[in-house]
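Please open the model in a viewer and keep the sequence panel at hand.

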Amino acid sequence: MPDFPAHASPAFPPVASPRPQRRDRSVSELHLDHKRDQRTHPPLVSPAFTPPHTPFPEEGQRYDRQPRSIPVEPPDHDTDGEQARLLPKLPEVHCEVRARIPTTAGQEMFLHLYHNNVDDKEHLAIVFGPHIRSKSLDAPRPGETERDRMIRGAYVGTLYPGRTSSRLDQIRRDAGVPSPRPSAGFLGQLNGPAQQATPPSPSASSEASTDGSEFESSYPLEFGPPLVRIHSECYTGETVWSARCDCGEQLDEAARLMSLPAPTPASTPGSDAGEHQLLPNEKLPSCGGVIVYLRQEGRGIGLKEKLKAYNLQDLGHDTMEANLLLRHPGDARSYGLATALLLDLGMGGDRGIKLLTNNPEKVRAVEGPNREVRVVERVPMIPIAWKTGGKEGVQGAEVEKYLATKIEKFKHMFSG
């Protein structure tokens with residue numbers, strides 16, 4: 001039997017599989033957050049058992065505002081032993097191409113395709129907002145023309161018929177405009193919907209970089225930590241309407257949150273005071289974010305084995321047991337590639353990221369062996385059926401058992 005990758009990091013051993021005391025428990029039967037103050041935090045149970053007078057999200061939080069997040073404490077390396085079990089070196093990743101994708105929700109995103117040195121899969125980064133850019137994509141390549149750069153997506157601004165240069169400084173020179181290093185706000189205007197952007201004054205910007213890479217990632221400080229979702233491919237949940245899991249729902253929700261307007265001091269979650277008054281035809285900019293889309297179907301076992309696991313689930317086994325019976329780890333995924341992709345997109349550094357996840361082990365794994373990426377806040381992903389009292393979202397006996405196994409065996413946290 002080959003060695004399988006980590007449960008939550010490239011070198012974690014497979015997860016233990018304790019047998020449940022009672023088979024086929026649903027989420028409704030689990031006592032979630034029994035120590036929480038029920039006066040301010042409604043219990044997170046299935047729609048059939050949620051009292052109708054306890055709305056979710058919490059009172060006052062608006063659906064069109066950024067969600068509440070939970071601060072993440074840095075790991076205690078003196079007590080947890082995880083540091084030694086993480087790979088000492090991250091994979092090498094290289095962004096091959098980027099393209100603008102207008103979405104059905106009205107927002108635009110940029111799809112980045114990556115190659116790496118550990119597998120032959122094409123992993124993806126789905127980037128919302130205008131501020132996040134790939135270093136490896138923007139770096140010059142020997143022998144390429146300006147048209148080559150535009151074709152592979154290494155350009156600033158908007159492509160249009162007749163454009164001849166990918167580089168902002170060349171466009172400025174052609175227009176007779178001084179060429180300082182562009183500010184984040186100016187890049188945001190260029191990468192947004194086609195409009196006339198006002199170039200910054202030389203006194204307001206630093207000089208352009210001299211290494212040939214003028215497109216460094218520059219996520220605005222006023223937006224706080226960028227929102228990130230590490231999402232594993234799920235063909236059944238995202239494409240063929242499976243109700244065995246909520247993976248497709250989670251992908252859609254992550255995209256929705258990253259398309260919301262950027263937060264302002266007067267529009268914090270739970271408050272409508274002092275809302276920004278939009279002018280005619282004005283649209284608040286998206287806060288943006290990154291969905292790292294990893295091609296590791298079926299918790300890392302592949303689609304063929306995943307379909308076998310589905311048959312074992314119909315025979316009475318939960319998702320972890322089914323994987324183990326097929327001689328796979330309960331969770332064979334790894335996240336070193338996600339860390340490397342985030343670093344290429346400029347997500348490293350002390351400011352950190354907000355991670356959309358219920359998986360506590362993913363938080364540590366995504367940070368990397370030396371905390372190259374810092375997870376400073378965690379945003380829980382609550383099933384839509386729980387938030388709407390069963391009016392919307394994925395529902396059914398299969399998804400209830402799926403969520404129950406996540407809580408009982410994988411220790412996922414659906415709240416603070």
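**Stop 1**

Select R152, which is buried, with a relative accessible area of 8%; buried means under 20% relative accessible area, exposed over 50%, and partly exposed in between (1.4 Å probe, protein chains only). This is a predicted model, in which local features need pLDDT of at least 70 and side-chain atom pairs count only at pLDDT 80 or more, while totals for chains, interfaces and linings use all residues. Residues are numbered from 1 along each chain as its sequence is written, and side-chain values use heavy atoms, with hydrogens and water left out.

A salt bridge here is a side-chain nitrogen of Lys or Arg within 4 Å of a carboxyl oxygen of Asp or Glu.

**Stop 2: further salt bridges**

The structure holds 16 salt bridges. Display K306 and E297, a salt-bridged pair with closest N and O atoms 2.5 Å apart; both K306 and E297 are buried.

Next, select K409 and D318, where the closest N and O atoms of the salt bridge are 2.6 Å apart. K409 lies in the segment after α13 (397-408) and D318 in the loop between α8 (303-314) and α9 (319-325), so this pair ties together parts that are 91 residues apart in sequence. Helices (H or I, at least four residues) and strands (E, at least two) are DSSP runs, numbered from the N terminus. K409 counts as buried at 9% relative accessibility, and D318 counts as buried at 15%. Returning to the previous stop, select E144, R149 and R152 together: salt bridges that share partners join them into one network.

**Stop 3: R98**

Which strand holds R98? R98 is found in strand β2 (residues 93-102). R98 is buried yet has no salt bridge, and the nearest side chain of opposite charge, D138, is 6.2 Å away. For charge, Lys and Arg count as positive and Asp and Glu as negative; His and the chain ends are not counted.

Show the backbone of G153 and Y155. The R98 side chain reaches the backbone oxygen of G153 at 3.0 Å and the backbone oxygen of Y155 at 3.0 Å. Leaving aside neighbours within four places in sequence, R98 is in contact (heavy atoms within 4.5 Å) with residues including F110, L111, H112, R133 and L137.

**Stop 4: the sheet**

Colour the strands next. An open sheet of 8 strands has the order β1-β8-β7-β5-β6-β4-β3-β2, with mixed pairing. Its edge strands are β1 (70-71) and β2, each of which pairs on one side only; two strands pair if DSSP finds at least two bridges between them. Strands β1 and β8 (residues 373-379) run antiparallel and are joined by 2 bridges. Centre on I70 to find R378 of β8 standing opposite.

**Stop 5: helix α10**

Select helix α10 (residues 336-344): 8 of its 9 residues are buried, so the helix is largely enclosed by the rest of the structure. Among the buried residues are G336, L337 and D344. Just after α10, G346 takes a positive phi of about 80°.

**Stop 6: cysteines**

How many disulfides does a search of the whole structure find? The search finds 0, a disulfide being a pair of cysteine sulfur atoms within 2.5 Å. Select C234, whose sulfur is 3.7 Å from the closest cysteine sulfur, in C245, too far for a bond. C234 is buried, with a relative accessible area of 3%. Finally, select C95, which counts as buried at 0% relative accessibility.

Note on methods. A polar contact is a pair of N or O atoms within 3.5 Å; within protein, one must be able to donate a hydrogen and the other to accept it, and residues adjacent in sequence count only if both atoms are side-chain atoms.
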